[in-house]
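Please examine the structure shown below together with its sequence. The paragraphs that follow lead through selected residues and spaces in turn.

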Amino acid sequence: MTSEISQMSLEQLVAAIRTCTRCGLHSGRTRAVPGEGPPDATIMFIGEGPGFHEDRQGRPFVGSAGKYLEELLASIGLKREQVYITNVVKCRPPGNRDPLPDELAACKPYLDRQIELIAPKVIVTLGRYSMARYFPGQSISRIHGQARQVGGVIVVAMLHPAAALHQPQWKATIEADFKKLPAIIAQAERLQPTEPPPSPQQLSLF
Ligand code: SF4
């Protein structure tokens with residue numbers, strides 16, 4: 001099945017995710033949440049998993065964290081329709097608990113294929129679980145706002161908007177981190193896929 005996923009189109013991925021039973025999260029979901037946005041989006045946001053409202057509507061980031069994400073996007077002149085938004089797991093963990101390692105592993109091929117097909121120039125990880133794909137062993141409270149080049153993509157680690165809503169001391173932090181995005185996007189658009197990764201000194205400019 002994993003090799004089948006790696007051959008799917010975006011439409012086929014959405015259909016497969018909607019009926020997926022690869023992990024136990026399928027049994028508690030109302031609707032799976034594949035993700036949404038332009039198929040050629042320059043920027044992809046990757047959160048953790050659907051919450052209550054997302055599970056009901058089958059769409060990512062439609063609750064209060066989604067509203068806040070839209071405000072953050074507006075603060076840098078972007079609309080949500082311009083970016084692709086998805087999660088590391090596509091079905092709601094019960095009671096919004098953290099996704100388990102076997103659930104993350106089962107759902108990973110879908111995200112891998114989404115990234116391959118959309119081929120964004122910038123990936124923004126929202127929260128710990130999507131950060132771990134690109135910044136293994138790191139702590140989000142230490143590296144939020146930092147970027148690194150992975151192949152031809154610049155990956156930026158950000159706090160999850162829900163964390164900023166629940167802990168107001170993080171609000172100014174995520175808002176300041178978002179303000180770095182336009183410069184990062186401009187840099188990413190100049191990158192050639194074959195360009196060697198920039199030195200750590202260059203990355204620290206972000
Ligand atoms: Fe399938 Fe992912 Fe949903 Fe698990 S979380 S059932 S792997 S779509």
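Ala-119 is found in the loop between α5 and β3 (122-126); here helices (H or I, at least four residues) and strands (E, at least two) are DSSP runs, numbered from the N terminus. Although Ala-119 is not a glycine, its phi is positive, at about 50°. Most residues other than glycine have a negative phi. This is a predicted model, in which local features need pLDDT of at least 70 and side-chain atom pairs count only at pLDDT 80 or more, while totals for chains, interfaces and linings use all residues. Residues are numbered from 1 along each chain as its sequence is written, and side-chain values use heavy atoms, with hydrogens and water left out.

A positive phi, near 50°, also occurs at Phe-61, a residue other than glycine. Phe-61 has its place in the loop between α3 and α4. Is Phe-61 buried or exposed? Phe-61 counts as buried because its relative accessibility is 4%; buried means under 20% relative accessible area, exposed over 50%, and partly exposed in between (1.4 Å probe, protein chains only).

The residues around the ligand are Ile-17, Cys-20, Arg-22, Cys-23, Leu-25, His-26, Arg-29, Lys-90, Cys-91, Ala-106, Cys-107 and Tyr-110, where a residue is near a molecule or strand if one of its heavy atoms lies within 4 Å of it. Helix α5 (residues 101-118) gives the most to this shell, with three residues. By class, the shell has eight nonpolar, one polar and three charged residues. In this classification Ala, Val, Leu, Ile, Met, Phe, Trp, Tyr, Cys and Pro count as nonpolar, Asp, Glu, Lys and Arg as charged, and the others, Gly among them, as polar.

Which space does the ligand take? The ligand takes the space of the largest cavity; a molecule sits in a cavity or pocket if more than half of its atoms lie within 2 Å of its grid points. On a 1 Å grid over the protein atoms alone, a cavity is a set of points where a 1.4 Å probe fits but cannot get out, and a pocket is an open set with protein on both sides within 12 Å along at least five of seven lines; lining residues have an atom within 4 Å of a point. A search of the whole structure finds one cavity of 30 Å³ or more. The volume of the largest cavity is about 100 Å³, a volume being the space filled by probe spheres set on the points, with grid points joined across faces, edges and corners. Its lining consists of 15 residues, of which Cys-20, Cys-23, Lys-90, Cys-91 and Cys-107 lie nearest the centre. The largest share of this lining, four residues, comes from α5. The lining of the largest cavity divides into nine nonpolar, two polar and four charged residues.

Arg-29, one of the residues around the ligand, lies in the loop between α2 (10-18) and β1 (43-47). Arg-29 counts as buried because its relative accessibility is 17%. Leaving aside neighbours within four places in sequence, Arg-29 is in contact (heavy atoms within 4.5 Å) with Ile-17, Arg-18, Thr-19, Cys-20, Asp-55 and Cys-91.

The largest pocket holds about 680 Å³ of space. Of the 29 residues that line this pocket, Glu-48, Gly-49, Asn-96, His-160 and Ala-162 are the closest to its centre. Two or more lining residues are given by each of α3 (52-57), α4 (64-75), α7 (140-143) and α8 (161-166). The largest share, four residues, comes from α8. By class, the lining of the largest pocket has 12 nonpolar, 12 polar and five charged residues.

Helix α9 (residues 171-179) contains Thr-173, and Asp-177 is also found in helix α9. Thr-173 counts as buried because its relative accessibility is 18%, and Asp-177 counts as buried at 4%. Not counting residues up to four places away in sequence, Thr-173 is in contact with His-144 and Leu-159, while Asp-177 touches His-144, Gly-145 and Met-158.

Val-150 lies in strand β4 (residues 147-150). With a relative accessibility of 32%, Val-150 counts as partly exposed. Beyond residues up to four places away in sequence, Val-150 touches Tyr-134 and Val-155.
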